[in-house]
Amino acid sequence: QMLGAFNQPGANEASVSGVLTHQALHYIHQHPGSVATTVYWNTLRLLNLTGAGVERDFARGEGYPIWLAELSVYSFWALGLLCVAGLRSAAARRAPLALWGCPLVIYLSTVPLLGLTRYRSPADPFLIMLAALAVLAGWDRLARNRPVRETSASAVSSRKNGSAGAR
């Protein structure tokens, strides 16, 4: 039935789009739960939580080497863990809500249609910033817990004052 839209004499993009839109809306009307199911699966795919299979399959059509598609999935998992940690940082809570609203808008406009990395990529810079906040918070925590060493200038000053070596 869907192929019939393409095989009509004089069919153009607009007419095919109209037929397909009508069929999609009819299907949604008959199966209202399909929208929630689509959003669920597209969310999993958008976050690469279904594994590397989808990216591997699409890599061929998009001209990427398969190893790169797989690496992008595993790299995103690491980024995702850092993002979760970044959400807990004080800096993330201080940022304007509009900043974090951008990836949310990208997500909301994407998941009803298709959940692929290429549609998530406009949100990736925001996710990288969030992950960077986790890295910075971790670095600051390490710096606070590190014992303070005397600098050579303060050590020389202490020795001149006679306070060094008095143990």
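**Entry 1: the core**

I began with the largest nonpolar core, and I found 8 residues in it: F76, L79, C83, A92, L127, L130, A131 and L133. I note here that I am working from a predicted model. I then asked which helices supply at least two residues each of this core, and the answer was α5 and α9, the latter covering 124–145. The largest share, 4 residues, comes from α9.

Leaving aside residues up to four places away in sequence, I see L79 touching L127, I128 and A131.

**Entry 2: the whole chain**

Next I stepped back to the fold. The chain has 167 residues, and 22% of them count as buried. I also looked up contacts between residues at least 6 apart in sequence, and 62% of these join residues at least 24 apart.

**Entry 3: α4 against α5**

I turned to the pair α4 (residues 53–62) and α5 (residues 66–87). Their axes come within 8 Å and cross at roughly 140°. The crossing of α4 past α5 is right-handed. Which residues make the contact? From α4 I listed E55, R56, A59 and R60, and from α5 I listed I66, A69, E70 and V73. Sorted by class, this contact holds 4 nonpolar residues, 4 charged residues and no polar ones.

**Entry 4: helix α3**

I checked the length of α3 (residues 33–46). With 14 residues at 1.5 Å a residue, this helix should span 20 Å, and its end C-alpha atoms are 20 Å apart, so the two agree.

Then I asked which residues of α3 are buried, and I wrote down S34, N42, T43, L44 and L46. Their cover includes α2 (13–30), α7 (97–110) and α8 (117–120).

**Entry 5: N48**

Last, I followed the chain just past α3, where N48 takes a positive phi of about 60°. I flagged this as a positive value in a residue other than glycine. N48 sits in the loop between α3 and α4. Is N48 buried or exposed? I found a relative accessible area of 1% for N48, and since buried means under 20%, N48 is buried.

Note on methods:
Residues numbered from 1 in each chain as written. Predicted model: local features only at pLDDT ≥ 70, side-chain atom pairs only at ≥ 80, totals over all residues. Heavy atoms only, no water. Axes fitted to C-alpha atoms, helices over the stretch in contact; angles between N-to-C directions. Left-handed = near helix turned anticlockwise from the far one by under 90°. Contact = heavy atoms within 4.5 Å. Nonpolar A, V, L, I, M, F, W, Y, C, P; charged D, E, K, R; others polar. Core = buried A, V, L, I, M, F, W, Y, C linked by side-chain atoms within 4.5 Å. Buried < 20%, exposed > 50% of the residue type's maximum accessible area, 1.4 Å probe, protein only. Expected span 1.5 Å × (residues − 1).
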